[in-house]
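Take a look at the model below. The walk-through starts at the metal site, moves on to the pockets and ends with the chain itself.

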Amino acid sequence: MSTTLVMGAVAYAPKVVTIWEGFKAWFREQGLEFDFVLYSNYERQVEAQFDGTLDLAWNSPLAWVRAERIARARGLQVSAVAMRDTDQDLSSVLVVRQDGAAEVAALKGRRVGFGAIDSPQATLIPLDHLRQAGLVAGRDYTAQRFDVLGGKHGDHIGGERDAAVALMAGEIDAAWMIDGNYMAFANEGVLPSGATRILTRTGLYDHCNFTVSPGAPAELIGRFTELLLGMSWDDPAVRSLLELEGLRAWRPGRTSGYAALARAVDDEAFYDAEGKILAADYRY
Amino acid sequence: MPKGRSLLPTIDIESVGFDAGAHLLVKLALGRVAVGEVLRVRSQGEGWEGPLAAWCRSQGHAVDFDAAAGHIEARVTRGAVQAGRWRAAAVTGAIDPRADNAVLPQAEARWGLAARGATVEAGSPAFAFRLSRKDEVWADSAATLYAEAAAAQWNADTAIDWNTAFALPDEVEDAVVQVMTYMVENENAALVVPARFLGQLHPHFREVQALLAIQVADEARHIDVFTRRIALKGRQPGLSTAGGQTSLKTLVDEPDFSVAQFLLAVLGEGTFVSLLNFLNQHAPDPVTRQIARLAARDEARHVAFGMAHLGQSIAREPALLSRLGNAVEARYEHLAGTSGLNEEVFDALILLAAGGTRPADIAAGYGRVQGLLQDMARGREARLAKLGFKGEAAHRLASLHTRNFM
Ligand SMILES: [Fe+2]
Ligand SMILES: [Fe+2]
């Protein structure tokens with residue numbers, strides 16, 4: 001059995017190197033041999049969870065959905081051991097100009113902006129939200145995608161920002177974004193104060209988790225989880241790491257917040273039940 | 001509705017959205033409730049729940065929504081994240097330098113660039129400020145001297161009548177240019193020395209930092225006006241000697257702040273005050289006289305800080321006196337093989353004070369320069385005595401001072 005715990009992470013931005021080098025040093029100080037492998041996309045990372053390369057992976061919610069499907073199809077199991085406090089109970093909002101649609105039904109025949117094709121928060125869950133309200137993309141409204149960096153599962157904020165810019169330019173009638181980006185884009189001046197409204201909001205969902213690969217060494221995973229959950233924001237030595245990774249405290253993993261995403265994956269035919277990629281125009 | 005719920009602190013953000021600063025209304029109101037307590041948030045707007053939830057999540061506050069009363073209300077529970085951030089934060093003295101424990105004996109590297117008295121988060125980066133001990137750099141009068149300096153800044157364009165008509169004999173104009181060339185070289189040392197210390201000084205000692213900064217600005221202005229005087233009649237700078245620069249290099253290379261203040265301010269700039277007063281009195285043209293008068297005022301302040309810093313340092317550590325004496329001796333030994341003041345400068349001073357080339361002019365100029373040298377030596381001796389050097393030692397050390405003046 002290997003004595004080093006190997007984790008996969010997707011390098012969606014240069015800071016990812018800083019983050020995981022920091023965690024690696026900290027884990028080793030705590031006596032846990034830890035190493036990481038960086039991937040350029042979540043698809044290859046999830047696949048590496050099934051060929052013995054990775055003991056666990058820092059997965060997007062969509063990557064979790066795929067890992068879970070692949071495992072189930074092979075009679076295996078994956079589990080989510082920990083997640084960020086800031087990844088629980090998120091929502092996405094649909095923003096319109098102040099003079100825009102007054103109700104969701106009024107989006108019929110309009111152009112709605114989404115994020116990257118593989119973005120849970122700016123594409124898949126929003127598509128599901130509108131579908132539940134009776135509006136199907138391509139049939140009832142035009143979906144305009146703002147794709148930045150396929151394979152990163154929407155971790156790159158750029159697509160949502162591009163959609164917001166297009167909304168203010170009048171090129172689209174509504175733009176989806178994760179709830180926190182509404183204020184962030186206002187702070188940046190992309191959304192001028194008072195110029196927009198939030199038309200609707202998705203239900204609550206969860207974001208990333210640490211997904212344990214089938215057959216990963218249980219003792220190392222246990223130690224890893226114990227160390228993570230013990231990290232305290234009050235400790236200046238770890239606070240900078242937590243700040244970099246954008247959380248206040250690690251929480252035990254839960255998988256109750258992925259239902260809407262799983263439904264969207266089926267409805268939009270993104271993966272099949274065995275985790276095979278169906279989306280034809282998905283490049284990563 | 002549970003009894004007491006109406007007693008919850010409440011903030012009504014009215015119709016202000018989270019694209020218009022609503023978070024600040026919530027933040028200010030949360031500042032008035034304790035960690036773990038609940039703030040009720042009301043809004044007349046629409047679609048504010050998502051951004052409020054996102055903001056609370058990013059700040060570590062819990063939030064839930066209640067639509068029971070016919071309109072939506074949020075209940076925000078203040079989290080401990082902000083309090084946690086400031087645990088073990090550093091106390092960094094206080095703003096008023098005259099208050100007890102305001103300027104601390106040792107400024108810590110991790111206080112960094114923070115304002116003195118600020119609360120500094122634990123885990124802030126360490127800055128390598130070499131001069132971090134109060135007794136290395138401090139003088140109580142620094143703030144007063146800085147205020148005086150700030151009030152006494154002058155504009156070289158308007159304070160000097162550059163257009164005043166005058167014409168000097170060529171030899172005398174050349175002499176003025178040579179003296180100005182020498183002055184620029186010395187002012188460069190007077191600029192570089194405090195500038196180097198400035199970059200090494202912990203910002204905790206704000207008053208000393210400000211004083212050094214304005215001193216650097218003073219010297220830049222001096223270099224500017226001396227240079228403009230060189231160019232006034234279309235000349236280029238004159239000669240620079242190896243001996244003169246060797247003397248100045250010992251100042252630039254001195255790593256100890258107190259020793260540098262002693263050699264540069266007390267002995268060097270003090271001597272320069274005599275020279276500038278001499279030029280103010282005897283320079284052959286009104287522009288040079290004006291320049292010298294203005295620069296002398298600035299230099300007197302530079303000397304005053306050096307005297308104040310050393311007076312305080314010696315009072316605390318009398319042994320410093322012998323260290324300073326040794327520094328003068330060592331510098332004298334080091335420069336023994338050099339020619340000291342360059343002959344061109346010395347002769348230029350005579351010519352400048354002569355104002356002409358007739359024998360009687362030269363003799364008068366020579367006499368004035370002799371008077372200058374005596375004045376310089378007397379001034380040095382007086383300052384050394386004031387710092388605590390006993391009569392004979394003060395006299396001896398004053399006489400060992402570099403022949404380059406600075
Ligand atoms: Fe000067
Ligand atoms: Fe000076």
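The 4 donor atoms around the iron ion (ligand 2) subtend angles of 94 to 150°, so the arrangement is irregular. A donor here is an N, O or S atom within 2.8 Å of the metal (3.2 Å for Na, K and Ca), and water is not among the atoms, so sites may look incomplete.

This is a predicted model, in which local features need pLDDT of at least 70, side-chain atom pairs count only at pLDDT 80 or more, and totals for chains, interfaces and linings use all residues. Residues are numbered from 1 along each chain as its sequence is written, chains are lettered from A and ligands numbered from 1 in the order in which they are written, and side-chain values use heavy atoms, with hydrogens and water left out.

Which residues hold the iron ion (ligand 2)? Glu219(B), Glu269(B) and Glu299(B) each coordinate through OE, and His302(B) through ND1, at 1.8 to 2.1 Å. Along the sequence, these donor residues are spaced E-x49-E-x29-E-x2-H. The pair Glu219(B) and Glu299(B) links distant parts of the chain, 80 residues apart. Glu219(B) sits in helix α8 (residues 206-231) of chain B, and Glu299(B) in helix α11 (residues 286-316) of chain B. Helices (H or I, at least four residues) and strands (E, at least two) are DSSP runs, numbered from the N terminus.

Now turn to the other metal. The iron ion (ligand 1) takes two OE contacts from Glu187(B), plus OE of Glu219(B), ND1 of His222(B) and OE of Glu299(B), at 1.8 to 2.7 Å. Its donors follow the spacing E-x31-E-x2-H-x76-E along the chain. Here too a pair links distant parts of the chain: Glu187(B) is in helix α7 (residues 170-200) of chain B and His222(B) in helix α8 of chain B, 35 residues apart. Glu219(B) bridges the iron ion (ligand 1) and the iron ion (ligand 2), which lie 3.5 Å apart.

Glu187(B) is buried at 0%. His222(B) is buried at 0% as well. Glu299(B) is buried, with a relative accessible area of 1%.

Next, the pockets. On a 1 Å grid over the protein atoms alone, a cavity is a set of points where a 1.4 Å probe fits but cannot get out, while a pocket is an open set with protein on both sides within 12 Å along at least five of seven lines; lining residues have an atom within 4 Å of a point. Points are joined across faces, edges and corners, and a volume is the space filled by probe spheres set on them.

The largest pocket has a volume of about 950 Å³. Its lining has 35 residues, of which Arg84(A), Asp87(A), Ile178(A), Asn181(A) and Gly246(A) lie nearest its centre. Helices α1 (15-29), α6 (179-188) and α8 (236-245) of chain A and α2 (49-59) of chain B each supply at least two lining residues. α6(A) gives the most, with 6 residues.

The second largest pocket has a volume of about 520 Å³. It is lined by 24 residues, and Asp85(A), Arg251(A), Arg57(B), His61(B) and Ala62(B) lie nearest its centre. α2 and β3 (62-66) of chain B each supply at least two residues of this lining.

Just after α2(B), Gly60(B) takes a positive phi of about 80°.

Asp347(B) is found in helix α13 (residues 343-354) of chain B, and is partly exposed at 37% relative accessibility. Arg130(B) lies in the loop between β6 (119-120) and α4 (134-137) of chain B. Arg130(B) is partly exposed at 42%. The C-alpha atoms of Arg130(B) and Gln200(B), 70 residues apart along the chain, are separated by 5.3 Å.

Technical notes. Tetrahedral: all angles 85-135°; square planar, octahedral: opposite > 155°, others 65-115°. Buried < 20%, exposed > 50% of the residue type's maximum accessible area, 1.4 Å probe, protein only.
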